[in-house]
Amino acid sequence: PPKPVDRRNFLKTAFSSLAALAAGGGAYAFLWEPRRLVLRRVSVAFPGLPAGLAGLKIGQISDTHHGPYTGRAFVEEAVALVRAERPDLIVLTGDYVHRGAAFIPGGIEPFASLRPPLGLYAVLGNHDHWHGAALTRECLARAGARDLTNRRVVLERGGGTLCLAGVGDLWEDEQDLAAALSGTDESSPRILLSHNPDYAELLPAAPRVDLVIAGHTHGGQVDLPILGAPVVPSAYGPKYRAGRGRGPRCPGLVSRGVGGLS
């Protein structure tokens with residue numbers, strides 16, 4: 001027959017196992033996971049999409065956080081992964097720097113190698129405002145990226161048009177959606193760039209937005225085996241942790257980001 005369980009020894013063993021799991025998870029989170037780049041491909045359906053826009057490929061790079069913990073070579077590796085996919089256009093969704101304005105130029109210069117046929121577009125994140133929004137915008141312009149903060153651009157392909165717009169960071173800037181979408185043809189699909197995915201919850205009923213592309217939450221920063229993501233920097237919990245999400249008005253796509261924080 002099975003031996004009776006000694007509660008004290010059981011708790012001691014359980015505590016040791018949990019401690020080992022925590023230690024292993026910490027090593028995973030801080031030593032391995034931040035050094036692993038994964039490119040994810042996601043298909044999004046747009047009702048009534050013009051035939052000329054069918055199969056349009058959009059590349060996204062977000063939260064590179066160039067700084068003491070994410071070197072320029074790692075940013076360049078992420079840029080090369082996206083460039084190799086040969087997207088029609090590329091969007092940059094903020095937080096290009098971490099811990100100091102000195103890291104801004106070196107963190108943004110790698111984007112200059114991106115030359116998609118329909119252009120390179122960007123918005124800023126909270127860290128960009130904390131460390132130098134003006135310098136960030138200057139460096140983005142030098143790299144060939146067009147700032148879409150509370151602005152929009154109308155892209156054309158095969159006789160179809162697409163409105164790509166952006167808003168300011170939810171924490172540190174203004175979000176003027178009316179200005180961003182002013183004068184847009186109602187029949188054109190509308191994609192909105194927002195560094196923080198929580199803005200999807202605040203979208204007004206009009207003007208219409210068909211998709212929000214965002215970053216910021218880093219997939220919870222770490223995604224531990226068994227335990228999952230302990231903390232997600234969103235007012236809506238795990239809803240916008242990573243990948244597909246659904247706001248009250250439209251779907252969203254959230255990048256896990258390239259760089260890490262510490």
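This is a predicted model: local features need pLDDT of at least 70, side-chain atom pairs count only at pLDDT 80 or more; totals for chains, interfaces and linings use all residues.
**Entry: a pair of strands**

I began with strand 2 and strand 3, and I found that they pair in the parallel sense over four bridges, where pairing requires that DSSP finds at least two bridges between two strands. Within this pair, the bridge partner of L92 is A122 in strand 3. Residues are numbered from 1 along each chain as its sequence is written, and side-chain values use heavy atoms, with hydrogens and water left out.

**Entry: the whole protein**

I then looked up the overall inventory, and the protein has six helices and ten strands (DSSP runs numbered from the N terminus, H or I of at least four residues for helices and E of at least two for strands). Of its 262 residues, 46% count as buried, a word that stands for under 20% relative accessible area, with exposed over 50% and partly exposed in between, for a 1.4 Å probe and protein chains only. I also checked the contacts (heavy atoms within 4.5 Å), and among those with a separation of 6 or more, 70% join residues 24 or more positions apart.

I followed strand 6 (residues 160-166) in detail, and four bridges join it to strand 7 (residues 190-193), the two running parallel. In strand 7, L164 has I191 as its bridge partner, and A165 has L192. Towards strand 5, strand 6 pairs in the antiparallel sense over six bridges, and V153 stands opposite L164. The hairpin of strand 5 and strand 6 has two residues between the strands, and there G158 takes a positive phi near 55 degrees. Six of the seven residues of strand 6 are buried, so this strand is largely enclosed by the rest of the structure.

**Entry: helix 5**

Which residues of helix 5 are buried? In this helix (residues 133-142), I found A133, T136, C139 and L140 to be buried. Seen down the helix axis, these buried residues fall within an arc of 130 degrees, so they line one face of helix 5; the arc is that of the directions from the helix axis to the C-beta atoms. The face turned away from the buried side carries the exposed residues A134, A141 and R142. I looked up what the buried residues pack against, and the list is strand 2 (89-93), helix 3 (104-108), strand 3 (120-123), helix 4 (126-131) and strand 4 (145-147). Just after helix 5, G144 takes a positive phi of about 90 degrees.

**Entry: the cores**

A nonpolar core is a set of buried Ala, Val, Leu, Ile, Met, Phe, Trp, Tyr and Cys residues joined through side-chain atoms within 4.5 Å. The largest one has 23 residues, of which I61, L92, I108, F111 and L140 touch the most other members. Helix 2 (72-84), strand 2, helix 3, strand 3 and helix 5 each supply at least two residues of this core, and the largest share, five residues, comes from helix 2. Apart from this core lies another, of 17 residues, which includes L89, V123, L193 and L253. I also listed the contacts of I61, leaving aside its neighbours within four places in sequence, and they are V79, V82, V91, L92, T93, F111, L114 and V258.

**Entry: backbone details in loops**

Is R86 buried or exposed? R86 lies in the loop between helix 2 and strand 2, where its phi is near 50 degrees, a positive value in a residue other than glycine, and it is exposed, with a relative accessible area of 73%. D95, in the loop between strand 2 and helix 3, likewise has a positive phi, near 60 degrees, whereas at 2% relative accessibility D95 counts as buried. Lastly, I looked up the peptide bond from A206 to P207, which is cis with omega near 0 degrees; P207 lies in the loop between strand 7 and strand 8 (211-214).
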